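This report concerns the aromatic pairs of a protein and their setting in the fold. The sequence and structure are shown below.

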Amino acid sequence: DGVFIAVAPLQRSVHGQEMALTGRDVVQECSFAGCDHPNAIGRFYRIDSDQRAGGQDWSELAGSVLCFSCYDRFRKRGTLERSDRNRPLVGSERQCTYNGCDHPLESSRFYRIDGDNTAGGQDWTALAGNVLCEACYSRFRHCGTLERSERSRSLAACERRCTYADCENPDESRYFYLIDGDKKAGGQDWSSLAGSVLCHTCYSRFRHRGTLDRCEGNKPLEGCERRCTYGGCEHPSKSRFFFSVDGDKAAGGQDWSGLAGSVLCESCYVRFLTHGTLERKDRVKHMSGCEQRCTYAGCEHPGRSRQFYYIDGKSVAGGKDWSGIAGSM
């Protein structure tokens with residue numbers, strides 16, 4: 001893939017053979033007359049007639065030296081010429097030409113469009129010659145139109161309020177969503193909410209469950225309810241989160257019907273979610289102070305560790321066979 005040229009004697013590979021660079025090989029200038037930065041610091045390639053990189057015919061460039069940008073362009077497109085759409089835009093050109101653009105001068109990138117563009121599988125011919133900001137370019141690439149639908153337009157401050165009557169915090173949300181009847185997010189039927197504005201919490205609930213109503217299992221727990229009802233819980237009142245469980249719950253693929261009406265702390269909830277039981281196994285039980293010591297004779301600091309693990313023979317962590325150290329700490 002060409003001969004790599006460096007600024008100091010290094011090793012290079014030519015057709016699988018290692019060759020040392022000599023002083024005459026140290027050329028740091030791209031020989032393509034149209035190169036924007038022929039002396040830029042970086043990689044340079046000397047081309048030979050046997051070059052086959054990218055399946056291109058490099059014979060006409062034999063003996064040339066190319067910077068990485070020019071080399072890469074020829075490798076991918078078979079030409080050193082930059083198309084108009086790929087050349088950098090100067091200051092006066094960095095303006096979105098779509099009349100409906102909200103911020104035509106504000107964008108991290110601008111794109112000049114030509115009729116051959118096929119990005120996103122869209123037909124860009126009608127936009128040939130236009131310059132688009134990143135937001136407009138991305139919209140056309142994903143949606144095939146520059147028009148912003150009502151559901152995706154920016155909401156004015158007075159509109160940023162959830163219209164769901166039972167929303168607990170209708171004015172507090174990072175995002176608000178204007179819903180139209182054609183929405184298909186989450187595979188739900190949004191037609192009954194057409195024209196509504198939803199906060200992020202209500203939007204997510206409908207998207208995942210097809211309803212705005214909070215089930216009892218998801219309602220906030222009052223202070224007196226924030227206590228784990230599992231009799232074997234070691235810290236029933238200490239938890240960041242508490243979960244009220246209903247019989248219809250299917251999280252983790254577990255059968256929660258036996259816990260309907262219970263309140264679980266985060267530790268107990270996650271244990272049941274993962275293992276289908278609230279019982280702690282010996283291998284994960286809390287250890288007393290005298291037990292917190294590594295039993296491996298070769299351990300350098302047997303009493304120093306943030307965590308200690310009781311091993312049973314059934315452990316399969318890491319795909320290993322732990323039976324040989326069953327009962328160890």
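## Aromatic pairs

Across the whole structure, which is a predicted model, a search finds 13 aromatic pairs. One of them joins Tyr-111 and Tyr-137, whose ring centres are 4.0 Å apart with planes at 10°. Planes under 30 degrees apart count as stacked, so this pair is stacked.

Tyr-111 belongs to strand S6 (residues 110-112) and Tyr-137 to helix H2 (residues 134-143), so their pairing ties together parts that are 26 residues apart in sequence. Tyr-111 has a relative accessible area of 15% and is buried; Tyr-137, at 13%, is buried as well.

## A tilted pair

Trp-256 and Phe-272 form a tilted aromatic pair, with 4.6 Å from centre to centre and 55° between the planes. Distant parts of the chain are linked here: Trp-256 is in the loop between strand S10 (242-244) and strand S11 (263-265), while Phe-272 is in helix H4 (residues 266-275), 16 residues apart.

Trp-256 counts as buried, with 0% relative accessibility. Phe-272 is also buried, its relative accessible area being 8%.

## An aromatic cluster

Ring pairs also connect Tyr-45, Trp-58, Phe-68, Tyr-71 and Phe-74 into a cluster.

## The protein as a whole

The secondary structure consists of four helices and 11 strands. Of the 329 residues in the protein, 30% are buried. Among contacts between residues at least 6 apart in sequence, 33% join residues at least 24 apart.

The accessible surface comes to about 21,100 Å², and carbon and sulfur atoms account for 47% of that area.

Conventions
Residues numbered from 1 in each chain as written. Predicted model: local features only at pLDDT ≥ 70, side-chain atom pairs only at ≥ 80, totals over all residues. Heavy atoms only, no water. Helix = DSSP H or I, 4+ residues; strand = E, 2+ residues; numbered from the N terminus. Buried < 20%, exposed > 50% of the residue type's maximum accessible area, 1.4 Å probe, protein only. Contact = heavy atoms within 4.5 Å. Areas by Shrake-Rupley, 256 points an atom, 1.4 Å probe, with all protein chains shown as cover. Phe/Tyr/Trp six-rings, centres within 6.5 Å; stacked < 30°, edge-to-face > 60°.
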